[in-house]
Every structure is written in structure tokens, then in C-alpha cells.
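Got your viewer open and your selection tool ready? Let's walk through this model one stop at a time.

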Amino acid sequence: MGLFDIFKKNDDSQDNVPQEQEVIIESESMVCGLQAFVEKNENAYYFYLWNPFSREDKGKVRSCWICNRRKAPSKVNADDMKNGRAPRMPAEFVAHDINGMELDAEKLSIVWFEEGDCAALLSGGEVICAIPEWSGYKDFHGYSKYAKGTGPFAWEMQGAVKSLTAKVNAGRYIWEYFCTPENMNQWMMTQCKAAMAFLENHELDYNIAHKEDKTLGKGTFPPKVVISGTRNGAVYGLTAGVSLVAMPMVSMYTQENPQNLNRMELGFAAVEEHRPLCRLMYANLSMYANIPWQQMTFLGHGHTVPMQNIKDFSAVLFVNPRNVNGLESPEYSVFPGGGVVNMLWVVPITQQEYDFAVKNSSEELLKKAKDISRIHIFDGESKFLY
């Protein structure tokens, strides 16, 4: 387990010599199966995020050096790297005693960020190491209290303490809040009531919690349902519960406040003639609801996903009514602790429309809508002219 192998490989022997290696604390994300743990080896302490379900080696393990246990070398020890040993940080990037230090395992704790895809390591309540969502980009591994400058295995934390502490506090608040069944049930009821208030006639509820969702207490987490019914002669399906967890990576790709974009509910609508299609599309809503945590990304206005379920339609376009004047939407409450809940209408588009969006942008495609107020209601016809 971990980025570095447990065994040292000797070229002159067929035997593997085990190295001192111990996991001293571990935790699992409530959302996506990620595992966080601290590893103590002969050279150093490292903090890891491990995704056992990743299909890509690049995203399977993220690591961050915490501190050296032995005297820091003048440069990276290439033999350590070659032989599968977690390396010590070179002396110029070490902010603690150059001869090494030890951590008190009894004081350590792991706090997950509210997106459930990143975590921080605390000692006695102080953040000493963190692997944020931008770990893995441009040789950045994470932050350590005991790092100096931009080291090869961790960067110094001083300039990031304020933002990391805010992330830790937000994560702790959200997970402690929803560990209380009453709070989780109350939020679910709030979302369900918003969906039912939008509908003129509430018909059925469909449980769409994914079989691989992790548990928090009893049942699946987060709990998700599709509320179905009719409005103005059209059939609607609206999710409730997806917004309980903030989507990852939003802050990486927008300068807007992430709280305005990182929570979503999904909706699909069709004219009565296409009611039989709705159950299939509700299953798709369940699949789309899991994309952010399966692929470590987010869904937002203008995003597209390929789809092969409907004849003559090749993809779906996600449309946020907050970005389109005249497009209807349920009215959602502000999320506990702050944050906007966004409705994303799932709009099937043809191959020609998809190609146009890829070439010219989704915004340009939306400008060519026949009737912008009804683009979210499927009627078997193309919604755009160009």
C-alpha cells in the first residue's frame, strides 16, 4: 500500500528485504471510497490518498511528505527512489530539526474536505499536512508544516494555512452535521419538498442510490431519489439528495465562489407522449449524479456527456436555469453552512448539435434554441436551429 513499494529489490539477490513500514492512522471518504492514511517508514512520514477503484495509475495514489525521521540528505537519494523506499526530503527544504523528528500518533486525526475527495492531517487540532484537489499538478504533492519552500515531495504550508484551515473547518462542520440522522433526513425532506412544490401532481419516488455508494451509519450515503410527477402537461423527474455533497474540482476551473456552483440536483422532463422514456432517463440521472466522484470532476452549465439511450440523440447538455433567462426551476433552500443548490436540466441533443457545441461552445448552441423556455422538455425533436 502506498506510492512506494514495501520491499527493497536487490539486483544481486532474488530475496526481497522488507523495510520498516507501518500505517499509523487511516480513514475512508464517506463519498467515493478514497482512503487516506499516514505511513511511517524508516526514512520519513508520508500522508497518502489512495483510490482503490481508479482505472488510471496516475490518479490512483497521491502522496505528500510530512517529515523526515532520519538526517536529511543534501539531495534526493536516488537509490531510495530506485529501490522502492519513500525518500527523505533534502535538507534545503526541511523546516524541522535536520536530524529528523517523530510524530505522536495519539494526537493525529484526519479530516476530509466537504467534497470528500481530499483530506488534511491534524496533530492536536493543528493542520500539519494536506493534500488538496490540485495535488498532482505541476509536480505539486501537497502542503506540510515541516516543509520549506517548494520541495520535491511537499511545499511549505505557511501561505496556505488560512485557506486550508477554512477547508478543514467546512469539512468538519458538514460531516459532523450529516452524521446526525435527523439533520440528514431534514435536508432530504427539504429537497423533496422543493421538488414536489414545483410539480403540480406528485406521482412516484425512485431510489437511485448507487450500489457502490459508501455507508454513513445505516443505508447509502448520500441518499438519492428521483421525485416524479407532472407539470403543465409534461412529465418530470427531479433528483433530491445529490446536493448533499459538494462536487470536487470546482475551484480549479472557475474564479467564481465555489459555493455558487458545487452543489447540484438534476432534472429531466418530457411530453406525455414520451412518458415511457422517463424511467430510462431517471436511471441516467443516477449515473450522472455519480460522475463527479467517480471521475473527480464536476458537472455544470454547458457541460455535455455522450449518451446512446435515445434514437437520433447522441449526448446530453446540462443547462442551469440561473444562466438562462426564462427557463423554469424548482426553488431550493440555501445549503446548511452556506451554498447555492443548482438545478441542472438534462437536455438530449443530436450528434449535429453536439458537434456544433464542441466546435463553437454550448453558449453558442443555446443562442440557437427554438424556444428557450422549453429546451428542457423532451418532445422527440431537435431543440436548436442553426
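This is a predicted model: local features need pLDDT of at least 70, side-chain atom pairs count only at pLDDT 80 or more; totals for chains, interfaces and linings use all residues.

Select E328 and H376 to begin: their side chains are joined by a polar contact of 2.7 Å.

Residues are numbered from 1 along each chain as its sequence is written, and side-chain values use heavy atoms, with hydrogens and water left out.

Stay with E328 a moment. Is E328 buried or exposed? E328 counts as buried because its relative accessibility is 18%; buried means under 20% relative accessible area, exposed over 50%, and partly exposed in between (1.4 Å probe, protein chains only). You will find E328 in the loop between β17 (315-319) and β18 (342-349). Helices (H or I, at least four residues) and strands (E, at least two) are DSSP runs, numbered from the N terminus. Leaving aside neighbours within four places in sequence, show the residues in contact with E328 (heavy atoms within 4.5 Å): they include F198, R231, P321, W345 and I377.

Next, select F153, in the loop between β10 and β11. F153 counts as buried because its relative accessibility is 9%. Then pick P90: it sits 63 residues from F153 along the chain, with 9.5 Å between their C-alpha atoms. Beyond residues up to four places away in sequence, F153 touches Y46, C64, W65 and H141, among others.

β7-β8-β9-β10-β11 is the order of an open, five-stranded sheet with mixed pairing; two strands pair if DSSP finds at least two bridges between them. Its edge strands, each pairing on one side only, are β7 (108-112) and β11 (155-156). Colour β7 and β8 (residues 119-123) to see an antiparallel pair with five bridges, where L108 has S123 of β8 as its bridge partner. Now show helix α3 (residues 161-178), which lies across β7, β8, β9 (126-131) and β10 (143-144) and runs at about 80° to β7. (For that angle, axes are lines fitted to C-alpha atoms, for helices over the stretch in contact, and angles run from 0 to 180 degrees between N-to-C directions.)

A second sheet to select is β3-β4-β5-β6, an open one of four strands with antiparallel pairing. β3 (21-28) and β6 (61-68) each have a single partner strand, so one side of each has no neighbour in the sheet. Between one strand and the next, the twist averages 20°. Seven bridges link β3 with the antiparallel strand β4 (residues 35-41), and E28 faces Q35 of β4.

Finish inside. Which residues touch the most other members of the largest nonpolar core? They are F47, W65, I66, L121 and Y288, in a core of 111 residues. (A nonpolar core is a set of buried Ala, Val, Leu, Ile, Met, Phe, Trp, Tyr and Cys residues joined through side-chain atoms within 4.5 Å.) Helix α6 (residues 275-295) gives the most to this core, with nine residues. Another core lies apart from it, with 13 residues including V111, A120, F140 and V168.

Key: A polar contact is a pair of N or O atoms within 3.5 Å; within protein, one must be able to donate a hydrogen and the other to accept it, and residues adjacent in sequence count only if both atoms are side-chain atoms.
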